[in-house]
Amino acid sequence: MNRLKRVKLNQLKVKDSFWSPVQELVTDEMIPYQEKVFKDEIPDVEKSHALANLRIAAGMEQGEYYGMVFQDSDLAKWLEGAAYSLVIKPDKELEQRVDAIIDIIEKAQQPDGYLNTYFTIKEPEHRWQNLLECHELYCAGHMMEAAAAYAETTGKDKFLHVMERMADHIEGRFGTDKERGIPGHQEIELGLMRLYDVTGKDKYLKLAKYFIDERGQNPNYFKEEKQKRDWDHFHMDPENTFYNQSFAPVRQQRTAEGHSVRAVYMYTAMADIAGRTGDKELYEACVRLWDNITQKRMYITGGIGSTVEGEAFTKDYDLPNDMAYAETCASIGLIFFAKKMLDIEPAGKYADILEQALYNGVLSGMQMDGKKFFYVNPLEVNPGISGELFGYKHVRPQRQGWYTCACCPPNLARLLTSLAQYAWSEGEDAVYSHLFLGGEFDLDKAFISVHSSYPWEGRVVYHVEGKQKSAFKIAVRIPAWAQNPKVLLNGEEIDVDSCRKDGYCYLERVWGKEDILEVSFDMRIRKIYANTAVREDAGCVALMRGPLVYCFEGIDNGELHSLRVCTGKEAKAKERVCTEGIFKGMTLLKVPGVRMTGSEQLYSETAPSSEPVTLTAIPYYAWGNRGINQMRVWMLEKR
């Protein structure tokens, strides 16, 4: 395995008509808003108290711990997002505030390196006794990721050294010749790999590998752990080993099981370790798990985890729309997994899903003002049922200002501010363009500026300035859905079939100072049908254009259950660019359909009649921005 090189964020500058406004929203609105939440300065939302917890743990003020046992992790993800935002938009005042928080974190660290505000404040006698429920390793992992990000983006290493001390504390406690512990919620593995990235110290790679290799070796570990203590936190069942993927060694796991965020965080670490160590067996397990998720257990939006019960995967093809869970964090984790797989094997099947999850299942998690968020991302909402009735209470019909368990909002911040890193990779002999982001990208082999009108138009232009005298390849992804793609090099058309491999078009040459590579493809409206085993989508059709999934809202179309989308040969959906209002600049769809009307009786022998109507479809990520109303992705079809 020839692992690709990760490109650092400070080499990449996004200047994109679609994503730059999103990143500006994150830097200017979302990150300041979340900072105020952590300071408990936003009225009428769930209280965080994360910064107060930190000050109490540091001995800087008196008070009681407040919040979930993993409250530290919310602040850690925000710190990581803030670190990335300083690359996008340097902000001395924000940097100073982050430095001040890092000073408090350093003061809160215990003499032995331990760092966790819950156990420092509330239950110091119970440290490391409940890995199943209490998230000490999870919080540490997120803090490690934040520290690595801050060191990379600012060059400051205080936070990094704090988390190295915590990592060393953990290494001193867990291992094959020590306590054979594993985390209840995987994340420490990702944090350790980021420490390894930044420090180059093999001990962090070895410790991450230990946690992966140890998982499932003793499926009774959490049961035995519980027997050693006389207290619980969440009263979780230690025998439910599928929930936290400890039912079998990771190399033997064949299907994606249990809590979806735990799962994809673990798979991300597995892929990262496999790529760095050349562990073929671990890599093959990742491929199996990837295929099971994306071919049998993933929503069209890139959402994963179909049930609220354990926020989990269920069975193959069980993908209910109006009871979906599809946690924002899970789609973010799927993107993490996809990128690690791409860096082992540059293949379109990974990049296509990365893009699909990004534009749909992730972006839908934030309001267009950057201040409200979805935890759950359903594919159908019915006011009066969604959010109210048993079985549907988790399906909120509108985004919330914050959550008691607020893992998703800061996760969005850190992903969207680091987005450019998911667009590029470099290998020994090639540069890979995974996403069509406009901007200026200072890679080792070339300086590449990209002009992109994606996702509304299918045209991307790469201006290449080669930095070396020898030949190398530029590999540009060609999406699987793209028909008749056209590639031009300095105005001359290239035979795409001759240079196409595994979803990428490879062009090799000695790149000059003014080479222009242009890629274009048809952005037709596509009718999508689910596998017939997906019972909830029987008789239904969904619409996509480019990477975007579309949906229908009641505010545009009236009562949605009475509507049918016409898809016969003469029934052609049309595009319309919105010129005003909240959707200004978006491509909306005008779709021929019929409205069914029938007897007012509950049951009748009279067949419904139909009348033609024109329906409006909007990008799925934009739904829920105009008040509470119905929404559907999958619509009944009339041929």
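Modeller: Let's start with a term: a pocket is an open set of grid points with protein on both sides within 12 Å along at least five of seven lines, and its lining residues have an atom within 4 Å of a point. Keep in mind that the model above is predicted.

Biologist: Which residues lie nearest the centre of the largest pocket, and how many line it?

Modeller: Thr294, Met298, Tyr299, Ile300 and Gln356 lie nearest the centre, and 33 residues form the lining. The volume of this pocket is about 700 Å³.

Biologist: What makes Gln356 a lining residue of that pocket?

Modeller: To line a pocket, a residue needs an atom within 4 Å of one of its points. Gln356 is among the 33 residues of the lining, so it has such an atom.

Biologist: Which element gives the largest share of that lining?

Modeller: Helix H14 does, with 6 residues. Helix H12 (280-296), H14 (348-362) and strand E14 (525-528) each supply at least two.

Biologist: How many residues of each class does the lining of the largest pocket have?

Modeller: There are 18 nonpolar, 7 polar and 8 charged residues. Tyr299 and Gln356 are both in this lining; Tyr counts as nonpolar and Gln as polar, so these two fall into separate classes.

Biologist: What about the second largest pocket?

Modeller: About 460 Å³ of space lies there. Its lining has 27 residues, and Met68, Phe70, Glu311, Tyr375 and Cys405 are the closest to the centre. By class, 15 are nonpolar, 6 polar and 6 charged.

Biologist: Why is a space called a cavity rather than a pocket?

Modeller: In a cavity a 1.4 Å probe fits but cannot get out, whereas a pocket is open. Counting cavities of 30 Å³ or more gives 5. The largest cavity holds about 370 Å³, so a 1.4 Å probe placed in this space cannot get out.

Biologist: What surrounds the largest cavity?

Modeller: 19 residues line it, with Glu145, Arg194, Phe336, Lys340 and Tyr422 nearest its centre. Helix H13 gives the largest share, 4 residues. The lining has 6 nonpolar, 3 polar and 10 charged residues. Glu145, Arg194 and Lys340 belong to this lining, and Glu, Arg and Lys count as charged, so these three are in the charged class.

Biologist: How do you know that the second largest cavity belongs in the count of cavities?

Modeller: The count takes cavities of 30 Å³ or more, and this one has a volume of about 60 Å³. Its lining is Lys8, Leu9, Asn10, Tyr84, Val87, Glu152, Thr153 and Gln421. Helices H3 and H6 (136-154) each supply at least two of its residues.

Biologist: What makes you say that helix H1 has a kink, and where is it centred?

Modeller: A bend is the angle between axes fitted to the seven residues ending at a residue and the seven starting there. In H1 (residues 19-38) the kink is about 40°, centred on Val26. Just after H1, Asp40 has a positive phi of about 60°.

Biologist: How do you know that H1 and H3 are in contact?

Modeller: Contact requires heavy atoms within 4.5 Å. Gln23, Thr27, Ile31, Gln34, Glu35 and Phe38 in H1 meet residues of H3, including Leu75, Trp78 and Ile88, so the two helices are in contact. The contact residues divide into 6 nonpolar, 5 polar and 2 charged.

Biologist: At what angle do H1 and H3 pack, and how far apart are their axes?

Modeller: The angle is about 145°, and the axes are 10 Å apart. The crossing of H1 with H3 is left-handed.

Technical notes: Residues numbered from 1 in each chain as written. Predicted model: local features only at pLDDT ≥ 70, side-chain atom pairs only at ≥ 80, totals over all residues. Heavy atoms only, no water. 1 Å grid on protein atoms, 1.4 Å probe; cavity = no way out; pocket = protein on both sides within 12 Å on 5 of 7 lines; lining within 4 Å. Points joined across faces, edges and corners; volume = space filled by probe spheres on them. Axes fitted to C-alpha atoms, helices over the stretch in contact; angles between N-to-C directions. Left-handed = near helix turned anticlockwise from the far one by under 90°.
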